[in-house]
Amino acid sequence: MKSKNQKRVITAVAVLSFFITAILIVGCDPLLRREKSRIQQTMETAIQNESNTEELRNILEEYLESKEDKTTNEVCFIKGYLYFLNSDYEKAKQQFTQVKNKLQNSDSSFIKIYTYIFLNMLTNENSPKEEFVQNCKNILSYMKKDKEYKNDGFLQWQVAYYLINDATQGADVLVDYLNNTKGLTDETKVKISGNIGQMFSLNKQYSEALFYYFGALYLVEGLQDISSREYYKIKLLTCIGDINFSIDEYENAIDFYKRAIDIPLLGKEEEEINKSMTIINACHAYLELQKYDEVDGLLEKLDELLSNLPENARDDVEVLKNNVLAEKYMGENELEKAENHLVKAMELIQNDTYELVWNKDIYVDFSYAKLYKKRMQYDEAILCFKKVLKKSNETGFGLEKSCYEEIGEIYKEQGDLELYSHYQQLYNTEIIEINKIFTGNYVSFIKNLYQYYRLENVQETYQIMLILGASVIVLLVVLSLFFVWTIRKWRKMSFTDHMTGLNNRKYLNYYLNAKYKKIEGKVVSILLIDIDYFKKYNDFYGHIKGDMVIREVADIVRECSKSSSIVVRYGGEEIVVLTFDTLPDEELRMAKEIRETVEHRAIKHECSDVSSNLTVSIGVYCAEYTRQDIYTLIDKADIALYRAKNHGRNRYEVYEDSESTEKNLIEKAHF
């Protein structure tokens, strides 16, 4: 009897503990999060922005001097990073290897993850692919365990970039991360699925690639809370079109390209770059079908985008555009015009300082080889085709089949039947190999899909029993948590501006009251952002467009602000950003980035007196927070904002407590 009572007490305590823990996790999550140290924030920002300043090195060196124990992993990591900043890569690698060899559970996720990031950066390209892959596996294993990092876009890009070195294993590693990591956002799932699709495409495993591309596209189209939806849709539709192009299904490829091209843009730079590349790919599909009028129509659309592209992307797209025109004129037997465009393309390549499109010269070389062939300059054509063939083999561009076919035709024209037969055999072998890969891949994919669904059916009865057995417990848990969840949901709704998704003033008051012990005595930086000539914009373009612009600017401010910043829609088109305990001049960097990003989005504003595009003015103020009325501090930022508007708009100004001199630290828009 006593034993039974003890069991009941233990069970009751366990259940009660579970409920209390669940309530704490749901209701007090922000209180349980570990904050990054200031030094970690400094380093992480510098690494992601690739910044290397004297100030940064001084901060890190002073921090090292303050540490009594010089043997910790943190100290070794910072030493390695300083060596890296000073371009002493051998010593940097030694330090990071030392950190790797004595990693402990107590070490921060930042040190664990970025140790392997740097080891990949410092590993020689000739090193075994397995080394890159293992480092990436370690990065993902630590990301998977850390709520803060599992959805980190910068780290995902780093991992995907290095896994391309071994696309076969890379796809498996990313599939494991996607399927076995809880808490991934929908946007993260889209990004990872897209990267998996690219890995499979590199291996010509097109069925698997399409599976993940369409899965990502379904997520993007079905959910509204993914940012940059247009960017992802254009990218994914283009990738699907590229697979159809690879298997010579040009009409199907064009269908997907056209769907991508028809997506309206919101003036975002990455969308315009991706749409430009989609147009180039669609042009090549039309060239294969000899539909030259369609090529002209697409190039007109491309010209509309070119002026909005950043310079480092524009010259690359110009290279590809000239190459398309050369191919078109060759198809129309206007060889002089074709050569003129190839000369322009080569000049752009020679003056290119930043390569957005890797190895674009291979396309121009291939077109030159075809031009030599058209002119019956067969020796030059064969040399050029062989050059392309060698580079295509090294880089995996997939031009081998076309090169074999073209070289074979030249030898046939010259009457060299032996060499013609040799290259025709190479061409046929390539076709057979591609068909084998595609067919085998397709059969394997269907088999795996069948086994997956069969396994689901076999387990169905067992799962039903488990569900019935657990349903009573789940019901109790759900009823208990529903109340807490409802409170949190309504509280979040009451704290959110519904048009922009930013916080509202009510949240600002709540935050200051809830966090006063944590933020009291810290320096608060305040940015007050206002859209220039917004009333004129609203009157000219209408309120719907006006609301869209406010949302666009809100997204930009959110993206440019620190993750710890409080971003509030202050009223109308005004947005305020509060950041506590910032680094020196951090608020000026944020103001500069916000102003420049808005301007570079090139949102048309024909009624503005300062620019043909939408711009913002910003007031900046910094002070120690001593629980004074926050609105008196915001008012000082408002005075600085007023000055910015009086001094020409599209700028930021700083309010200083000492008003004897009016210091103007501001960068104008068009110097």
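**Entry 1: Tyr161**

I looked up how open Tyr161 is and found it partly exposed, with a relative accessible area of 35%. The model is a predicted one, and I keep that in mind for every value below. Tyr161 belongs to helix H9. I then asked which residue pairs with the ring of Tyr161. The partner is Trp157, and the two rings are stacked, at 5.4 Å centre to centre with 15 degrees between the planes. I noted both values because a pair of aromatic rings is described by the distance of the centres and the angle of the planes. Trp157 and Tyr161 are four residues apart in H9 (residues 153-163), so about one helical turn separates them.

Tyr161 came up again when I checked the surface. Together with Trp157 and Trp358, Tyr161 makes a nonpolar patch with about 400 Å² of accessible area.

**Entry 2: other aromatic rings**

I looked up the number of aromatic pairs in the structure, and the total is 29. I also found one aromatic cluster with Phe77, Tyr81, Phe84, Tyr89, Phe96, Phe110, Tyr114, Phe118 and Phe154 as its members.

Next I looked for charges placed over rings. Arg505 lies over the face of Tyr570, 3.9 Å from the ring centre. Arg649 has its charged end over the ring of Tyr533, at 4.1 Å from the centre of that ring. I marked Arg649 for the next entry.

Side chains of opposite charge can pair when their charged atoms come close. I looked up the count of salt bridges, which is 28.

Which side chains meet Lys645 in salt bridges? Asp530 does, at 2.7 Å from N to O. Asp530 sits in strand E1 (residues 523-531) and Lys645 in helix H28 (residues 630-646), so this pair ties together parts that are 115 residues apart in sequence. Asp532 also meets Lys645, at 3.4 Å from N to O. Asp532 is in the loop between E1 and helix H25 (534-541), so its bridge to Lys645 in H28 links parts 113 residues apart in sequence.

I checked whether these side chains are covered. Asp530 counts as buried at 7% relative accessibility. Lys645 has a relative accessible area of 18%, and it is buried because the cut-off for buried is under 20%. Asp532 is buried as well.

I then followed the shared partners. Asp530, Asp532, Lys645 and Arg649 are joined by salt bridges into one network. Arg649 is the residue I had marked over the ring of Tyr533.

**Entry 3: the loop between H19 and H20**

I looked up Arg375 and found its side chain in a salt bridge with Glu339, at 2.9 Å from N to O. Arg375 lies in the loop between helix H19 (361-374) and helix H20 (378-395), while Glu339 lies in helix H18 (residues 335-350), so the bridge ties together parts that are 36 residues apart in sequence. Both ends are partly open: Arg375 is partly exposed at 30%, and Glu339 is partly exposed at 28%.

Met376 is in the loop between H19 and H20. Its phi is near 65 degrees, which is a positive value in a residue other than glycine. Met376 counts as exposed, at 59% relative accessibility.

**Entry 4: further positive phi values**

I looked for positive phi elsewhere and noted Gln290, a residue other than glycine with phi near 60 degrees. Gln290 lies in the loop between helix H15 (269-288) and helix H16 (292-306). Is Gln290 buried or exposed? At 59% relative accessibility, Gln290 counts as exposed.

I looked up the span of H21 (residues 400-414). H21 has 15 residues and reaches 21 Å from its first C-alpha to its last, close to the 21 Å expected at 1.5 Å a residue. Its buried residues include Cys403, Tyr404, Ile407, Gly408, Ile410 and Tyr411.

H7 has 14 residues and spans 20 Å between its first and last C-alpha, close to the 20 Å expected at 1.5 Å a residue. How many residues of H7 are buried? The count is 13 of 14, and H7 is mostly covered.

Methods. Residues numbered from 1 in each chain as written. Predicted model: local features only at pLDDT ≥ 70, side-chain atom pairs only at ≥ 80, totals over all residues. Heavy atoms only, no water. Helix = DSSP H or I, 4+ residues; strand = E, 2+ residues; numbered from the N terminus. Expected span 1.5 Å × (residues − 1). Buried < 20%, exposed > 50% of the residue type's maximum accessible area, 1.4 Å probe, protein only. Phe/Tyr/Trp six-rings, centres within 6.5 Å; stacked < 30°, edge-to-face > 60°. Lys NZ or Arg CZ within 6 Å of the ring centre and 35° of its normal. Patch = residues over 30% accessible without salt bridge, like charges linked within 9 Å, V, L, I, M, F, W, Y side chains within 5 Å. Areas by Shrake-Rupley, 256 points an atom, 1.4 Å probe, with all protein chains shown as cover. Salt bridge = Lys/Arg side-chain N within 4 Å of Asp/Glu carboxyl O.
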